[in-house]
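Biologist: I would like to go through this model with you. Can we take it one question at a time?

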Amino acid sequence: MDLEAFENRILPAKNKLFRFALKLLNNSEEAEDVVQEVLIKVWNGRASMNQVQNWEAWCMRLTKNLAFDRIRAQKRKSTDLMEIGFEVKQDEPSPHDKAEITESMQQVNRLIASLPEKQRQVIHLRDVEGYSYNEIVEIMEIDMNQVKVSLFRARSAVREKLIKINAYGL
Amino acid sequence: MDSKIQQLLDQYWKCETSLEEEKELRAYFNENEVSEDLKETALLFKYFESQKNIETSSVVFENKIKVNTISSKRGKVRNMFFATAKIAAGVLVLVAATYLVRQEIRKSYPEEIVDTYSDPQLAFEETKKALMMISKTFGKAKQEAGKITIFNEAEQIIQKGTTKDDKEKTEKIKI
């Protein structure tokens, strides 16, 4: 893969990678760092990756793994901090979310954010990014059954909560 | 809302829609006003669409990636140079070491030995002289070694003496 192919095939996916990283990390700076790391890894390893068939899914998977590495590192750090009695940083919506999502949208945002990790990932990959089930299998490294079950549970939970919001304005 | 969308929505909740159908739903809820009871559902699809518009903000970000990837491309040429330089340095050290060791080995032999006589007659005479010297020395050494036999004789005499004494003693006891 040369620079041109990299710019035409990999770079356009950077916003998808960024959104996925942002979904996982809740921090736009960290998400940008992860995307940059992914792109550099792809560029540096391009010679040995000729057998990769779906580059985008492959990059998404790498993004997920690097983001999880960071989350693990943060958890270690935050438990260290707790031990010596510091305030642990609260999970709040990033400036991105604040600026781009209106008040009522934030309600939906909170709703999605309250889903379990796996369901949140699946619903993001399917309903926001429009990936096929096969691609989601590749990205999340879980089997087809789990993908379908997670998506079903996620949508059911969302539906239930939407009905509640509609009925009681919660 | 037409019945087709209602049907698609039902399928959507059951996860039976295709990607195309889901796209259709997103488009519908983003473009059309819907009745009060579907307001929240519309909001959900609007939320999905709005999520899609989140982008990495900075041009700086893209430039940073380009600089990084291109600089790592340049780095490849540099890496190749370093790799070659490493091998060359290794070979150089090996050659230098072999040369020095060889010199040391040569030094440890005196040069006289290396230079021998060019005239065969003279060389033969010298060799004979040397061999004669060795043989003389051997002869002398043999004479000196002969003295050792004195000890052997003395030992034998002593042994004989002691065995005689023993016999006398045993005879006395018998008597």
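The questions below go from the fold of chain A to its helices and then to the cysteines.

Biologist: How many helices and strands does chain A have?
Modeller: This is a predicted model. From the N terminus on, the elements of chain A read α-α-α-α-α-α-α-α-α. The count is 9 helices and 0 strands.

Biologist: What share of the contacts in chain A with a separation of 6 or more comes from residues 24 or more positions apart?
Modeller: Burial first: of the 170 residues in chain A, 46% count as buried. As for contacts with a separation of 6 or more, residues 24 or more positions apart account for 66%.

Biologist: How far apart are the end C-alpha atoms of helix H7 of chain A?
Modeller: Take 1.5 Å a residue; the 12 residues should then span 16 Å. The model agrees, with the end C-alpha atoms of H7 16 Å apart.

Biologist: How is H8(A) oriented relative to H9(A)?
Modeller: Helix H8 spans residues 133-140 of chain A and helix H9 spans residues 144-168. They pack with their axes 9 Å apart, at an angle of about 105°. Angles of 65 to 115 degrees count as roughly perpendicular. Therefore H8(A) relative to H9(A) is roughly perpendicular.

Biologist: How do the residues of the contact of H8(A) with H9(A) divide?
Modeller: H8(A) brings A:Tyr133, A:Asn134, A:Ile136 and A:Val137. H9(A) brings A:Met144, A:Val147, A:Lys148 and A:Leu151. The division is 6 nonpolar, 1 polar and 1 charged.

Biologist: Which residues does A:Cys59 touch, not counting residues up to four places away in sequence?
Modeller: A:Cys59 sits in helix H4 (residues 55-83) of chain A. A:Cys59 is buried, because its relative accessible area is 1% and the cut-off is under 20%. Its contacts on that count are A:Ile10, A:Leu17, A:Val38 and A:Val42.

Biologist: How many disulfides are there over all chains?
Modeller: Sulfur atoms of two cysteines must lie within 2.5 Å. Burial is a separate matter: B:Cys15 is buried, at a relative accessible area of 16%. Over all chains, the number of disulfides is 0.

Definitions and conventions:
Residues numbered from 1 in each chain as written. Chains lettered and ligands numbered in written order. Predicted model: local features only at pLDDT ≥ 70, side-chain atom pairs only at ≥ 80, totals over all residues. Heavy atoms only, no water. Axes fitted to C-alpha atoms, helices over the stretch in contact; angles between N-to-C directions. Helix = DSSP H or I, 4+ residues; strand = E, 2+ residues; numbered from the N terminus. Parallel < 35°, antiparallel > 145°, perpendicular 65-115°, else oblique. Contact = heavy atoms within 4.5 Å. Nonpolar A, V, L, I, M, F, W, Y, C, P; charged D, E, K, R; others polar. Expected span 1.5 Å × (residues − 1). Buried < 20%, exposed > 50% of the residue type's maximum accessible area, 1.4 Å probe, protein only.
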